[in-house]
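The sequence and model come first.

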Amino acid sequence: MKRTSGTLVAYSSSEEDAPVNIPATKKRKLPSLASSLVIPVPVDDPALHQGRIRATPHADGQYAAHVYIPLVVHPKTTLHSLLEEVLDVTKEMVPAVHVIGDMDSCSGNNGGTVVNNSRRARELHLSLSRPIFLRAHQREEFKQAIRLIASRQAPFQASFATFSEFTNDERTRAFLSIEVGAGHHELRNMLSALSPTLQSLHQRDFYSQPRFHVSIAWALLDPDTSVNGNVDAQGQPGTYEGATPAEGTSDNNFFGSGDNGESSKEPRIERFRSIPRFPSELIPTLHQRFGARVSSEHTGGFNADTVAVKIGKDIFSWPLRGSHVH
């Protein structure tokens, strides 16, 4: 059969098939979110924290944690009176020093009644860990680990032994501390119990040769001192430049945005008092005047009966409930 060749036939388009000019719709602008719904961007602002600088940058979903034994020193006790005398001498010798552990004598933490320092209790922290950084899903696991340690460790008596000076790992601050003597064995046991959890979370253990202590005061170190060791023999205070927020921003800017939900404007510069180091005569002076009292069981003895962990801004604590081994 012979196939006939086909031809293409062109058809003109009808009016129905003609393109229609549709007017472009004007895009509606979505309303801006309310400031309460905006996730604040943390601003590391040393001005709101006496010149202190965040050692580890903020990361969303990461929580700083710290394990410690709390020691509340109540007014009218011999240890409280001793601390007041020690701090008075320290502030005379190091005007740039900041006191650690002040607690408001009235209940709550709402900044109510202003009271004299001698009537305030002090909460000191005996550290059992370096700073730890947890992801959100690790918090509960870590709390359970601390709770287990508390259930196995019995309360124990400890006491202070001597005054010492420490610096943080970044060498940005110096600390006046009181080291622990009696109770060292029990504290080492608690470190050993905590170590497997820290390793499983890829966190650093406490120091291999720990010097357990509570810090009672701190001072900023000169930045150039921490880098090259250029110190003044007299320990005279210098200055430290830090950023402060623009006018009108709130104290929450270290963790978030300003009151209006907007990020902070260009910061201004404020100088903070800093020192190259504590004066070389500070520790010997404290030893000479207060050493016998701080190391006496009557004054420097205390009962370690609680372990606590601070995760972010939340604090959890458990009483030590283990049985004594004879």
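## Overview

Of the 326 residues in the protein chain, 37% are buried. The model is a predicted one. The chain holds 6 helices and 12 strands. Among contacts in the chain with a separation of 6 or more, 78% join residues 24 or more positions apart.

## Helix α1 and its partner α5

Helix α1 covers residues 78–93. Its 16 residues should span 22 Å at 1.5 Å a residue, and the end C-alpha atoms of α1 are 23 Å apart, so the two values agree. The buried residues of α1 are Leu79, His80, Leu82, Leu83, Glu84, Val86, Leu87, Val89 and Thr90.

How do the axes of α1 and α5 cross? Helix α5 spans residues 282–294, and its axis comes within 11 Å of the α1 axis, crossing at roughly 170 degrees. The two helices are therefore roughly antiparallel, as the cut-off for that class is over 145 degrees.

From α1, the contact uses Leu82, Glu85, Val86, Val89, Thr90 and Met93. From α5, it uses Leu282, Thr285, Leu286, Arg289, Phe290, Arg293 and Val294. By class, 8 of the residues in this contact are nonpolar, 2 are polar and 3 are charged.

## Helix α2

Helix α2 runs over residues 139–152. Its 14 residues should span 20 Å at 1.5 Å a residue, and the end C-alpha atoms of α2 lie 21 Å apart, which agrees.

Which residues of α2 are buried? They are Phe142, Lys143, Ala145, Ile146, Ile149 and Ala150. Because these cover an arc of only 155 degrees around the axis, they sit on the same side of α2. They pack against the strands β1 (62–73), β4 (132–135), β11 (306–311) and β12 (314–319), and against helix α3 (184–200).

| Residue | Loop between |
|---|---|
| Lysine 76 | β1 and α1 |
| Serine 129 | β3 (122–127) and β4 |
| Arginine 171 | β5 (156–167) and β6 (173–180) |
| Phenylalanine 278 | β9 (268–274) and α5 |

Start with serine 129. Its relative accessibility is 4%, so serine 129 counts as buried; the cut-off is under 20%. Leaving aside neighbours within four places in sequence, serine 129 is in contact with His66, Val67, Leu194 and Phe206. Serine 129 and tyrosine 207 are 78 residues apart in sequence, yet their C-alpha atoms are 8.4 Å apart in space.

Phenylalanine 278 is also in a loop. At 2% relative accessibility, phenylalanine 278 counts as buried. Not counting residues up to four places away in sequence, phenylalanine 278 touches Val94, Val97, Glu165, Ala174, Phe175, Leu176 and Ala219. Phenylalanine 278 and threonine 90 are 188 residues apart in sequence and 9.7 Å apart in space, C-alpha to C-alpha. Threonine 90 is one of the buried residues of α1.

Now the backbone angles. Lysine 76 is not a glycine, but its phi is positive, at about 70 degrees. With a relative accessible area of 84%, lysine 76 is exposed. Arginine 171 also has a positive phi, near 55 degrees, in a residue other than glycine. Is arginine 171 buried, exposed or partly exposed? At 36% relative accessibility, arginine 171 counts as partly exposed.

Definitions and conventions: Residues are numbered from 1 along each chain as its sequence is written. This is a predicted model: local features need pLDDT of at least 70, side-chain atom pairs count only at pLDDT 80 or more; totals for chains, interfaces and linings use all residues. Side-chain values use heavy atoms; hydrogens and water are left out. Axes are lines fitted to C-alpha atoms, for helices over the stretch in contact, and angles run from 0 to 180 degrees between N-to-C directions. Helices (H or I, at least four residues) and strands (E, at least two) are DSSP runs, numbered from the N terminus. Angles under 35 degrees count as roughly parallel, over 145 as roughly antiparallel, 65 to 115 as roughly perpendicular and the rest as oblique. Contact means heavy atoms within 4.5 Å. Ala, Val, Leu, Ile, Met, Phe, Trp, Tyr, Cys and Pro count as nonpolar, Asp, Glu, Lys and Arg as charged, and the others, Gly among them, as polar. The expected span of a helix is 1.5 Å times one less than its number of residues. Buried means under 20% relative accessible area, exposed over 50%, partly exposed in between (1.4 Å probe, protein chains only). The arc is that of the directions from the helix axis to the C-beta atoms.
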